[in-house]
Amino acid sequence: MKRIFIPLCLLGIGFFLMQSCTTFKTKQIVENRLQPFNNDWRFIKDSLKGAENPAFDDTKWQKLDLPHDWSIEDLPATQPGEHIGPFSKVSPGGFLTGNTLGGTGWYRKQFTVNSKNKGKLIKVLFDGVMTESDVWINGKHLGYHPNGYTPFEYDLTPYLNPAEQTNVLAVRVKNLKQTSRWYSGSGIYRNVNLIITDPVHIDLWGINVTTPAVSKEKATVNVAIKVANDSKKDAEVTVNTRLIGSHTTTTVETNKTEKIVSNGSVEFNRLLTLDKPELWSPDSPKMYNLEVTVLSNGKLVDAYVMKVGVRSIQYDTRNGLQINGKTVKLHGACMHHDNGLLGAAAFDRAEERRVAVMKANGFNAIRCSHNMPSPRFLEVCDSLGMLVMDEVFDTWTKPKTPQDYHLYFNEYWQKDLSTMLLRDRNHPSVIIWSIGNEIAERADPDGLVITKKLISEVKKYDTSRPTSEAICEFFAFMGNQGHDWSYSAPAFALLDIGGYNYTWNEWENDHKKYPGRLMMTTESMPVDMFPIWNRVEQSPWILGDFVWTGMDYLGESGVAHGKIDNEKVDYGMKFPGMDMGFGRAWPWYVAWCGDIDIIGSKKPQSYYRDVVWNRSLLEIAVHTPMPVGHKELISPWGWSSELPCWTWPGEEGKTLQVSVYTRCTSVRLALNGKVIGEKKVTADPNIKKPSSQGVLLSGVVPDTQLTAQFDVPYASGELKAIGLMDGKVVATKVLKSAGAPKKIILTPDRNTIRANRNDLAYVTVEIADVKGVIIPNANTAIDFSISGAGELAAAGNGSPNQMSSFHQPTCKTFRGKAMIIIRPFSKQGVIKLTASSKGLESSTVDIKVK
């Protein structure tokens, strides 16, 4: 008998080669499975007929790469004075939709299928199309989708032409009349992907990861994988599941085999145990890689890789909201879906930046008002540790605008809600499901029936997260006149967490009546942040505060406007009994209520919030010069017109109001080394703001709320605030006067970006004096040019009412800043941006594209 000895090292090499081949094959499947489908589309804004026909001539249409929002593009200059850039005086939504237009548009894309994908299933996934869409492939109608925020998928396979032959995908999009209460945008504004799989494959959103038990020592992770067999034969299917931590040694693996009949599906449930798990939290958002592979009759046919977070959620009135056993208070911001100057277009980089700006300004939670966000938005929230309240509906069966979602609710609510739950349930950042916002019928008998249905649907897919709803007063314009606050009690009783829109003054009474109710503001006004936050900190049953809003948004124009008391203005609408109307008419187009403006810059209330949230000991704000003898009137969502600025040429000797926000016990203010005065600072959250019929007067935050106010005759130089704790200096803040404008400063957010059409470079434009001191209130016209490996995506400023085109090579600074957003081409190179202005030194910056 002949024996053959194989060295262990060769066995090891053989095992390594086998593993490498499997890994390589897995990588190939993963890369081929999801293919970006954004580039090389053609578009026309027209309601023409027959464009679904493959032979239709689209050669004269606009060429573009998605994402795309036509409502933010310049309108034809056919009516001088009626149109400015994308804005129109004949907008059906008027000030509510930012004075923009919708309409009907067509998109078409030609493509071929690679022969290597013969026998595969090929589907198209739209992340979001605003608002109503019809889709055709090679003339075959695939379906209709009326919700602009929910993703949808169509199977192209039966209607595709043979490999290497041209196919035509056509999409008609309608956004007619007024479909929204805010700026919605129009078109294919989110990403599109092809999904290419074997007939035996993991279903769309077919993986569900839960963490039934979590501690510092051990965690159990349950992974449910739904595998479909769309082939004509039964299949013996093996599913392998691996969890890989940040260290390669942190790996757990399990597999299971099941028979799946033809045109059937099976859910594979695998339980993995982690020793000393790396837990996900807002402060430490650690993630695992989950790798799932599918073998059919021994052959690797599908693979999927995703990031998951291991964390636990508990909530009760004794400890509040706890993540991994630690109580977390929600420093929350409501946010709409638009990206400012880009409109609704959900570029990956724009979504990343929006979350990063919120995190950098102290927020740890975002309420997605009032709809599903983009997939990339949630991925970034996962990676940065931003908590999310995922919201699905702004209306149920009763309308807020004539063409809104109430027209489709009865037919589509279950599909749209389940879509949100299936798509978003694996994100550790998502901690609350919200079933609605300011629903008119929420406490009526029919509304309570709907509430029960919605919550039942949520619990069918996910029992680990609480449900909530944003509940407001019973406003007459919503058809609720005559009900008092107690009428909402049955609606609150069905929820895990009660969401209070602006009704935080009901908390104490409600807690006495319903001691088991968890509460939070789902919307609040910036001026109320101090008394609200005091109650949040003192009461475990109050989970946090979501301000309206974290960042400015397009539409609901001027809800946070202010004006001089004798100033005549055009309101968006007027309510009985209010001295000031709701919103502002043309030329306003931004809501103006955000802590952050639409280009990502801090507004004055953000500095005050830094003090309230103990992120800063001391901040200074100077009110813009006011006419003598007059006051500023501010809407309920508004804030005083003030800036951290001591550059006011032409105001020498005139008295300016200086507010010092601080947690210090006293403040000393000095101008050019001379002490102006010293004041004690107290904090009484029960002091009421001065108000009159919904109008807040000048000096939004009273002296008693972490604020000391000084009247200071203006003189250029150095204004210095000194914060003292029991007589000891603990903080200082200085504002320096700038000289005359001398040069332009360009600051890109990154010096190197990717050669990917979904990436962007944000370049801040500022004006400085000869010494390089930034002038924070400069309003300067800028011309610029872009050359090389990129093009203009948008340019503008944070003003709420300086209407202009966002797509011309010119902009104007507002409060000292403007923004130029550059989109790279899909090739490596260098982008050169040059900015100039009459009488100023020009500036140039290079951005590498790799």
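1. Trp485 and Tyr500 are both buried, where buried means under 20% relative accessible area, exposed over 50% and partly exposed in between, with a 1.4 Å probe and protein chains only. Please keep in mind that this is a predicted model, in which local features need pLDDT of at least 70, side-chain atom pairs count only at pLDDT 80 or more, and totals for chains, interfaces and linings use all residues. Residues are numbered from 1 along each chain as its sequence is written, and side-chain values use heavy atoms, with hydrogens and water left out.

2. Now to the rings. Rings of Phe, Tyr and Trp (its six-membered ring) pair if their centres lie within 6.5 Å; planes under 30 degrees apart count as stacked, over 60 as edge-to-face and the rest as tilted. The count by this rule is 33 aromatic pairs. In one of them, Trp396 and Phe409 have ring centres 6.3 Å apart and planes at 25°, so the pair is stacked. Trp396 belongs to the loop between S25 and H4 and Phe409 to helix H4, so this pair ties together parts that are 13 residues apart in sequence. Helices (H or I, at least four residues) and strands (E, at least two) are DSSP runs, numbered from the N terminus. Trp396 is buried, with a relative accessible area of 0%, and Phe409 counts as buried at 1% relative accessibility.

3. The rings of Trp485 and Tyr500 have centres 5.7 Å apart and planes at 45°, so that pair is tilted. Trp485 sits in the loop between strand S27 (467–471) and helix H6 (489–493), and Tyr500 in strand S28 (residues 497–501), so the pair ties together parts that are 15 residues apart in sequence.

4. Which residues do ring pairs link into a cluster? They are Phe37, Trp41, Phe43, Trp70, Tyr107 and Phe111.

5. Ile450 is in helix H5 (residues 445–461) and counts as buried at 13% relative accessibility. Beyond its neighbours within four places in sequence, Ile450 is in contact (heavy atoms within 4.5 Å) with Trp396, Thr397, Phe409 and Glu441.

6. In helix H3 (residues 375–384), the buried residues are Pro375, Phe377, Leu378, Val380, Cys381 and Asp382. Their cover includes helix H2 (348–360), strands S24 (365–368), S25 (387–391) and S26 (430–437), and helix H4 (409–424). Gly385 follows H3, with a positive phi near 80°.
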